[in-house]
Amino acid sequence: MHLSIVIPAFNEEQLILDCLDSIKLSISANAKPGFTHEVIVVDNNSSDKTAELATQAGAKVVFEPINQIGRARNTGAAAATGDWLLFVDADSLLNPGMVTDILHMIESGKYVGCGSVMHMPGLPWWGNAAMRLWTVCSVTFHWASGALVVCRTDAFRDVGGFNQEMFAADEIDLSELLKKWGRKRSLKFTILTLHPLVTSPRKVK
């Protein structure tokens, strides 16, 4: 199994190395025969050192000139060679337990993909309330947050990827398309809950 990890990044020089380090740690902890990966950072027209830092860290860097996260994710997916895609935002941190759960999900052969619940440190009280509400909706309706989406590459390409006409909620749209694709093949789309993705509170703020 070959996993392509796609990171859309616009002016993320402050956070990109932490994200890449978390990926390296999480993948190393799950090393096993037959499991390979690649890391693709999509420089979404950054004016800082995002691309330079990502290249130095060993990631493959591709360029997307139009500032839109869905477009950046699609550009990364187009450059991917893996049979599975893992999209993670540059302000987020993977952890070994989550990657273990993702690999178990893939190896079971029962799923088209998954998302994850999130943990945002330092949220104000109203942010925590909003986060709890989103978590209930995410787990109930099997909607992935854009911060982490994992899916089969063939399914992603068949459904057309992220909708570039949408400014927001394109990850919910993609979740629904993947669920529909999966149902025809008796495959499920799930939300992982045991090892939350740590991500920046700036999304809520």
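**View 1. Buried residues of helix α4.** Gly97, Met98, Val99, Asp101, Ile102, Leu103, Met105 and Ile106 are the buried residues of α4. Buried means under 20% relative accessible area, exposed over 50%, and partly exposed in between, with a 1.4 Å probe and protein chains only. The cover over these buried residues includes α1 (16-29), β4 (84-88), β6 (111-119), β7 (148-152) and β8 (188-199). Helices (H or I, at least four residues) and strands (E, at least two) are DSSP runs, numbered from the N terminus. The model is predicted: local features need pLDDT of at least 70, side-chain atom pairs count only at pLDDT 80 or more, and totals for chains, interfaces and linings use all residues. Residues are numbered from 1 along each chain as its sequence is written, and side-chain values use heavy atoms, leaving out hydrogens and water.

**View 2. Length and end of helix α4.** Helix α4 covers residues 96-108, 13 residues in all. At 1.5 Å a residue it should span 18 Å, and its end C-alpha atoms are 18 Å apart, which agrees. The expected span is 1.5 Å times one less than the number of residues. Just after α4, Gly109 has a positive phi of about 75°.

**View 3. Helix α7 and its packing.** Helix α7 (residues 170-183) has 14 residues. From first C-alpha to last, α7 reaches 20 Å, close to the 20 Å expected at 1.5 Å a residue. Its buried residues are Asp170, Glu171, Leu174, Ser175, Leu178, Lys179, Trp181 and Gly182. They pack against α3 (69-78), β6, α5 (125-141), β7, α6 (153-159) and β8. Contact here means heavy atoms within 4.5 Å.

View 4. The structure holds 0 disulfides, a disulfide being a pair of cysteine sulfur atoms within 2.5 Å. Cys19 is in no disulfide; the nearest cysteine sulfur, that of Cys114, is 16 Å away. Cys19 is buried, at 1% relative accessible area.

**View 5. The whole chain as context.** The protein chain has 7 helices and 8 strands. Its C-alpha atoms fill a box of roughly 45 × 45 × 35 Å along the principal axes. Of its 205 residues, 50% count as buried. Among contacts with a separation of 6 or more, 77% join residues 24 or more positions apart.
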